Amino acid sequence: MSDPAPAAVKAVRPPDAMKKLVALCKQRGFVFQSSEIYGGLKSAYDYGPLGAELKRNLMGEWWKDMVTTRENVVGIDASIIMHPNVWRASGHAAGFSDPLVDCKVSKERFRADKAPRPAVGSALPITCADKGVAKDWADRIAKDYGVELDRDANVLNGLVAISATEFGFVPKGASAPTKTWPWRGYVGPTFGCPFLTDEKQFNLMFRTALGAVDPMQDVANALAELTAAPDLSAAVSAKFGRDAAEGVLAKSLTDFATTKDRAKLLRGVIEHLTAPSMAYLRPETAQAMFVQFKNVMDSSGMKPPFGIAQMGKSFRNDVTVEHFIFRSCEFEQMEMEFFCEPGTQKEWMTFWKEARMSWWRRFANYPDDFTFRQHASDEMAFYADDCYDIEYKYPWGWGELEGIASRTDYDLSQHEKHSGVTLQYVEQEKADPKTGAKPWKYKPFVIEPAAGATRGLLCFLLDAYHEEERVTATGEKEIRTVLKLHPKLAPIKCAVLPLVKKDGMPEKAREIIAALLKAGVNAKYDEKASIGKRYAKHDEIGTPWCVTVDGDTLLNDTVTVRDRDTTQQIRLPIAEVVATIKARLEA
Ligand code: GAP
């Protein structure tokens, strides 16, 4: 049997692939908005039946490549909630933050470092959702800032970027500003408004409370008592006694003495009361590998150079949500810490850079869409001595997919300092280069390839999404959508399709499905709709092969095997189907 459609023209990736892919992901069950029936949860996604398979396949390939096929790497699966001191030692508690700003007019909250920066001298139009909103905002600006902006439908005009540090109001027809305000050089991303609050550092870690405690009740009781007292600072000192003389509460009391800022002091009280039960959802999978470095070495006999790998969920309260699953609050990472002798980190950086790049390219239709970008020295963490990103050519431009950092011995040193446990390797056979004496006790240097699994899934969906213009047997033009996923990543490897739902074809197809499933091939039986529609559906979800049971099957026990990318079909004895599909999967 030959393909019902004439030979296909070359498949291309359309310019609006992202939009079409988002629609396909929902329609076919790759990715859904989280809690959609409740209106959805911003920046959270659920992976549907096909997305879950694709993600498992991708992460499984990473685990195979990084752990099970390497003698010098072992894997761990650590808790998502770790001791809060882990995040103090790693620097996340103090420094893992984004600068956030609120627009005083629209109330939009956004990241200052990602905000648009209009050129000096340019107009700063405020673009509102509609005319009604424009009127409200114009009234608010008139009341709060004393200027009458010119309303043109939903746009408010009259503001101008005067310099990098100042914007002003230039009335229609005037040549100079009648009023000016200080400016930090950017505007709100959605509406373009320059009336903004100061920047506030916002920690990206999700907090939670650990243990059978309800810190909120303690907080409520304390606030009820303290806010009723005539002298707040005296009441805080009296209630918390010695505790108040230490830590965050002491700082709040000192600040209060000069600022009389009651809110700041009460925040200090809240921080103090919640601190003992406070825990964080991990913002990266990496720290567990440092924290368990000694246990892994002691229990498994690994010694440098060796790696500890982990993949799994990480959580970041990212305010900027961009481009579908590219950045989400809950995502999956695939990270490895490779511990090596100090002085060998350059060689290992070269090794892991190549290994990681070749892994991504192996599964891609367009390997050139992956590239390296070396970090400039002012972009790297202060402790790193080299860092590269593997970037992907997303539809909106090149962007990060994986970071490969040479982190020196910073993390082990930090955890040693904060935990009091020695985290070093004793090399009996080598002399310490500084003293010349054996053994050499050193803290290994670390190369960290840190990849995003959910972001990788987006890259491979974008890489795979193709459209092909074809002419049907009846002469009409049609678009064939085909997801050219690597067979190892494809959620379903093989569909088995009876040509019609009668004449014993379903029974034959079921026999083939049973044999494929028994052999461990993820295959699906499908008898709904015409054969053309079923091929189209499986092309769209990336199924590499369709096995069709037809009239000839009943005569001679042969079936056709159709290739997703070429649409070419070959005829095979049923007895050879499992071996053929397995061989192609392994190829
Ligand atoms: N331990 C180092 C580390 O976590 P990172 O660059 O912050 O480094 C590594 O994260 C990778 O994790 C990124 O290259 C990206 O692929 C992925 N990633 C980070 N934040 C993400 C988010 N909010 N949503 C999806 N993926 C994210």
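**Exercise 1. Work out the strand order of the open sheet that contains β4, and say which strands stand at its edges.**

*Solution.* 
Step 1. Strands are DSSP runs of E with at least two residues, and helices are runs of H or I with at least four, both numbered from the N terminus. Two strands pair if DSSP finds at least two bridges between them.
Step 2. Read the order. In this predicted model, three strands make an open sheet, β4-β15-β14, with antiparallel pairing.
Step 3. Find the edges. β4 (81-82) and β14 (207-209) each have a single partner strand, so one side of each is left without a neighbour in the sheet.
Step 4. Check one pair. Two bridges join β4 to β15 (residues 278-281) in the antiparallel sense. Met-82 has Tyr-280 of β15 as its bridge partner.

A note on the model: residues are numbered from 1 along each chain as its sequence is written. As the model is predicted, local features need pLDDT of at least 70 and side-chain atom pairs count only at pLDDT 80 or more, while totals for chains, interfaces and linings use all residues; side-chain values use heavy atoms, with hydrogens and water left out.

**Exercise 2. Describe the largest pocket: its volume, its centre and its lining.**

*Solution.* 
Step 1. Set the rule. On a 1 Å grid over the protein atoms alone, a pocket is an open set of points with protein on both sides within 12 Å along at least five of seven lines; a cavity is a set where a 1.4 Å probe fits but cannot get out; lining residues have an atom within 4 Å of a point. Points are joined across faces, edges and corners, and a volume is the space filled by probe spheres set on them.
Step 2. Give the volume. It is about 1,500 Å³ for the largest pocket.
Step 3. Go to the centre. Of the 44 lining residues, Phe-96, Glu-284, Arg-316, His-375 and Glu-400 are closest to it.
Step 4. Name the main contributor. β20 gives the largest share of this lining, six residues.

**Exercise 3. Which residues come nearest to the ligand, and which polar atoms lie by its nitrogen atoms?**

*Solution.* 
Step 1. Pick the neighbours (a heavy atom within 4 Å). Of the 18 residues around the ligand, Glu-284, Arg-316, Glu-335, Glu-400 and Leu-401 come nearest.
Step 2. Check the nitrogen atoms. For Glu-448, a polar side-chain atom is 3.2 Å from a ligand nitrogen atom.
Step 3. Check an oxygen atom. A polar backbone atom of Gly-452 is 3.2 Å from an oxygen atom of the ligand.

**Exercise 4. How many cavities of 30 Å³ or more are there, and what lines the largest?**

*Solution.* 
Step 1. Count. There is one cavity of 30 Å³ or more.
Step 2. Give the volume. The largest cavity has about 40 Å³.
Step 3. List the lining. Gln-345, Lys-346, Met-349, Asp-385, Asp-386 and Ser-406 line the largest cavity.
Step 4. Find the main contributor. Helix α12 (residues 345-362) gives the most, three residues.

Conventions:
A polar contact is a pair of N or O atoms within 3.5 Å; within protein, one must be able to donate a hydrogen and the other to accept it, and residues adjacent in sequence count only if both atoms are side-chain atoms.
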